[in-house]
Amino acid sequence: MTDSSTAVRPERRAELAAGLARVRARIADACVAAGRHADEVTLVAVTKTYPAADVVALAGLGVTDVGENRDQEAAGKAAAVAGAGAVPRWHFIGQLQRNKARSVVRYADVVQSVDSVRLAAALDAAATGARDRPLDVLVQVSVDGDPARGGALPGVADPERGLDPVAAAVAGAGGLRLAGLMAVAPLGWEPDRAFARLAEVAARLRADHPGATVLSAGMSGDLESAIGHGATHVRVGSALLGMRPTLG
């Protein structure tokens with residue numbers, strides 16, 4: 001990317017500031033309704049397909065955490081943002097292939113989508129060789145237990161994709177730190193049902209791993225429900241940045 005890719009137009013900065021104000025108000029209102037403090041919830045701005053300039057602008061507006069879904073986009077964007085002097089905390093939140101681990105660990109501060117023992121091992125090997133501190137990891141949970149979709153399977157005795165083996169693999173890896181869980185509400189499920197189920201799974205995980213306190217759940221359409229059920233991080237794209245550009 002060239003330097004011009006991080007130049008922020010004043011009208012775009014104004015649009016982002018307005019979107020950020022609306023999202024922060026929703027988070028604050030949801031926290032009041034749940035009897036929580038607003039500073040208990042971190043906004044992760046999901047910037048996939050949006051330009052590096054938007055990340056730079058959001059960082060200037062006080063956004064500290066940014067999420068990306070695809071390594072081939074995120075690696076270059078992270079470099080461009082760093083070149084512009086912005087230093088957000090990068091979350092990798094998309095499905096991750098093991099052969100991308102070496103790239104991802106070089107810019108990501110958090111990987112939210114670990115759902116297999118083999119992926120945990122690949123990240124551990126990559127992080128150990130490329131980082132001076134452990135990589136924070138969230139285990140992605142399949143709330144409905146459907147093995148056809150992404151996510152570790154709670155309550156299933158599967159040595160590769162069962163939630164307990166995956167969490168144990170992350171916790172036992174020298175290059176990783178088990179920070180908590182991530183999930184997406186399954187299609188067809190009411191958000192309250194999905195996030196109540198996730199809260200139960202998270203409570204059981206913390207019984208075995210007390211330091212795994214992060215719960216990443218909720219997006220533009222259902223962040224209020226997620227916060228009501230204990231989400232510490234919400235991942236927001238369109239409500240913050242506007243309609244997503246078409247993928248090329």
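Modeller: Let us start with M182, which is buried, with a relative accessible area of 2%; buried means under 20% relative accessible area, exposed over 50% and partly exposed in between, with a 1.4 Å probe and protein chains only. This is a predicted model, in which local features need pLDDT of at least 70, side-chain atom pairs count only at pLDDT 80 or more, and totals for chains, interfaces and linings use all residues. Residues are numbered from 1 along each chain as its sequence is written, and side-chain values use heavy atoms, with hydrogens and water left out.

Colleague: In which strand is M182 found?

Modeller: Helices (H or I, at least four residues) and strands (E, at least two) are DSSP runs, numbered from the N terminus. The strand that holds M182 covers residues 176–182. The name of this strand is β6.

Colleague: Which residues does M182 touch, not counting residues up to four places away in sequence?

Modeller: Contact means heavy atoms within 4.5 Å. With residues up to four places away in sequence not counted, M182 touches I93, Q112, S113, L138, V139, Q140, V141, S216 and R235.

Colleague: Is R12 buried or exposed?

Modeller: R12 has its place in helix α1, residues 10–34. Its relative accessible area is 13%. The limit for the buried class is under 20%, so R12 is buried.

Colleague: Which residues of α1 are buried?

Modeller: An α-helix has 3.6 residues a turn, so residues three or four places apart point the same way. What covers the buried residues of α1 includes β1 (42–46), α2, α8 (223–228), β8 (233–236) and α9 (238–241). The buried residues themselves are R12, L16, G19, L20, V23, I27, A30 and C31.

Colleague: How many Å does α3 reach from its first C-alpha to its last?

Modeller: Helix α3 covers residues 71–83 and has 13 residues. The expected span of a helix is 1.5 Å times one less than its number of residues. For α3 the expected value is 18 Å, and the helix comes close to it with a reach of 18 Å.

Colleague: What is the radius of gyration of the protein chain?

Modeller: The protein chain has 9 helices and 8 strands. The radius of gyration is taken over C-alpha atoms, and the globule rule is 2.2 Å times the number of residues to the power 0.38. For 248 residues that rule gives 18 Å, so the chain is as compact as a globular protein of that length, with a radius of gyration of 18 Å.
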